[in-house]
Amino acid sequence: MPAVKMSINPTMLAWAMEQAGVSEDQLANDLHLAPEVVGAWLSGDAQPSTGQLRAVAKELSRPTSLFFLPRPPVPTVTPTAFRSPIGSTGERTLSRNELDEIRKASRRQKIVYWAQQQLQLDDRLILPPYYSDAEEVARTVRKWLGWHVDDQVKATSKSAVTKTLRAALEDRGLIVLQLSMGDDHCRGFSIAHRSVPVIAYNTKGHVAAARSFTILHELGHLIKNEQAVCEKPNDATERWCDEFASAFLLPRRHLESYVRLRIGKGRTRIEDDDLDAIRLISNRFKASYQCVALRLIKLGWANWKLYELVRKPGTEVDQGFSREAQTTPIIRLREYGSTYARAVLTARQRGLLSETDTRKYLDVNGDQLRSLERRLENVG
């Protein structure tokens, strides 16, 4: 029996490929087809089989129904900022994986906003105001989050600081997503929104302490509410966000007191090769080596040679890993965060979502859904 052909709209296929950054040759290679086959689909001279369409949808991270639409959806402008991979400078093109994660994050943002509207919880989230003085903004944000440096210092690990920071932001209504992309992918990105702004950070290939810095860097973008063009980073904005993040984690008064007393013997100057000083400050404040170096340089206590030293691969490594069993509910909560998960579960409890849709949005089965609900209740 000949395979059933699917009468897709070639325009929609071309649009989905463009959005995913996939060429004809790439799609053909991924599907193990001759380039001429994909070309025929795009021209309308041929149609894919049911199995081929499913494979296309999977490769482009789109539902099969999209390819039958009469025209592409009207784009919505969302100010999005990206933090490039470590070592990346100047212009760069986003990868398919990055584009896919951005689309997923945008969909989750829309789901939470929809739930808020249905539940009549659509209150505008007011972020702290932007000032050109990153120090002042850092002080304001610490107060806004109820963040105490003494608690940061007493934290059991750098990962614990990241977890606490994420929880504080989610308590204010932000969506904070955890991604797992390669170390050649962006360290994070943010998507502005009047009610449910998104911060996403990449854990793959980056030390634990760097994740707190990335989250704060992206929060800086949201506070500035600037639309950054991903391939052409605004260096002035990037510097301001770096200054804000490092000032948040390393307040001058606390840092100066520690450096003078424990490291500099009354002085604040750090030598260009003093990795021991960087390590001590990093361990005390649970901040990454690069964050520490940037902060010292900004305060005039170190030179850029120190930053170049800590940027070398292998200079900073993580110590220890979580021993908790990595079940699917734990993984999903870690990936999606509590803001998204709570919004989906609340919509289900109020009869706005079926259990099938709820499981689909959270990517869990029935037993896993109930376990996820219990776990979310236990974390407040």
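## Contacts and overall make-up

A contact here means heavy atoms within 4.5 Å. Among contacts in the chain between residues at least 6 apart in sequence, 69% join residues at least 24 apart.

This is a predicted model, in which local features need pLDDT of at least 70, side-chain atom pairs count only at pLDDT 80 or more, and totals for chains, interfaces and linings use all residues. Residues are numbered from 1 along each chain as its sequence is written, and side-chain values use heavy atoms, with hydrogens and water left out.

The chain has 17 helices and 4 strands; these are DSSP runs numbered from the N terminus (helices H or I, at least four residues; strands E, at least two).

## Burial and surface

Of the chain's 380 residues, 47% count as buried. Buried means under 20% relative accessible area, exposed over 50%, and partly exposed in between (1.4 Å probe, protein chains only).

The chain exposes about 19500 Å², of which carbon and sulfur atoms supply 48%. Accessible areas come from the Shrake-Rupley method with a 1.4 Å probe; for residues, only the protein chains shown count as cover.

## Helix α12

Helix α12 spans residues 275-285, and its buried residues are Ala 277, Ile 278, Ile 281, Ser 282 and Phe 285. Seen down the axis of α12, these buried residues fall within an arc of 130°, so they line one face of the helix. The arc is that of the directions from the helix axis to the C-beta atoms.

The cover over the buried residues of α12 includes α7 (149-154), α8 (158-171), α10 (235-249), α11 (252-263), α13 (289-298) and α14 (304-310). Lys 286 follows α12 and has a positive phi, near 60°.

## Thr 356

Thr 356 lies in helix α16, residues 355-362. Thr 356 counts as exposed, at 57% relative accessibility. Its C-alpha atom is separated by 8.8 Å from that of Gly 366, 10 residues apart along the chain.
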